[in-house]
Amino acid sequence: MSNRVVQGRMVTAERLAELIEGESPMEADGIEDADRDCPECGGDVITVDYMPSVTELVTGYKCQDCDWSTTDR
Ligand SMILES: [Zn+2]
């Protein structure tokens, strides 16, 4: 599991999921590069799979340079 820099701060997978979801996930997998660019600023997008609850698995996306994020919900 590798940490990444998001908006100038080093984040773990758990912290990245928290930034996307707005609250801490029960569990988060490793951070990976998403094969897409940010629609807001064109920056690099990273992705993380996480579980906001025991019954839900969500793939979240977050730009490394701005506030943009989304999920596959
Ligand atoms: Zn962006």
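User: How are helices and strands defined here, and how are they numbered?

Analyst: They are DSSP runs: a helice is H or I over at least four residues, a strand is E over at least two, and both are numbered from the N terminus. This is a predicted model: local features need pLDDT of at least 70, side-chain atom pairs count only at pLDDT 80 or more, and totals for chains, interfaces and linings use all residues. Residues are numbered from 1 along each chain as its sequence is written.

User: Where is Gln7 placed?

Analyst: Gln7 sits in the loop between strand 1 (4-6) and strand 2 (9-11). Its phi is near 50°, a positive value in a residue other than glycine.

User: Is Gln7 buried, exposed or partly exposed, and why?

Analyst: Start with the count. A residue is buried if 20 or more other C-beta atoms lie within 10 Å of its own, exposed if 12 or fewer, and partly exposed in between; the C-beta atoms are placed from the backbone. Gln7 counts as partly exposed because it has 13 C-beta neighbours inside 10 Å. Across the chain, 27% of the 73 residues count as buried.

User: What is the order of elements along the chain?

Analyst: The pattern is β-β-α-β-β-β-β-β. That comes to one helix and seven strands.

User: Which residues of helix 1 are buried?

Analyst: Ala13, Leu16, Ala17 and Ile20. They cover an arc of only 100° around the axis, so they lie on the same side of helix 1. The arc is that of the directions from the helix axis to the C-beta atoms. Among the elements covering these residues are strand 3 (27-28), strand 6 (56-63) and strand 7. Just after helix 1, Gly22 takes a positive phi of about 95°.

User: What is a nonpolar core, and which residues have the most contacts inside the largest one?

Analyst: Here is the general idea. In soluble globular proteins, nonpolar side chains tend to be buried together. A nonpolar core is a set of buried Ala, Val, Leu, Ile, Met, Phe, Trp, Tyr and Cys residues joined through C-beta atoms within 7 Å. The largest one here has 14 residues, and those with the most contacts inside it are Ala13, Leu16, Ala17, Ala28, Ile31 and Val48. Helix 1 (13-21) and strand 5 (44-53) are the elements that give two or more residues to this core.

User: What does Ile31 touch?

Analyst: Two residues are in contact if their C-beta atoms, placed from the backbone, lie within 7 Å. Leaving out residues up to four places away in sequence, Ile31 touches Ser2, Arg4, Ala13, Leu16, Ile46 and Val48.

User: How do strand 4 and strand 5 pair?

Analyst: Two strands pair if DSSP finds at least two bridges between them. Strand 4 and strand 5 pair in the antiparallel sense over three bridges.

User: How many bridges join strand 5 to strand 6?

Analyst: Seven, and these strands run antiparallel. Two residues lie between them in a hairpin. Thr47 stands opposite Tyr61 in strand 6.

User: And how many residues does the hairpin from strand 6 to strand 7 run through?

Analyst: Five. Three bridges join these antiparallel strands. Lys62 stands opposite Ser69 in strand 7.
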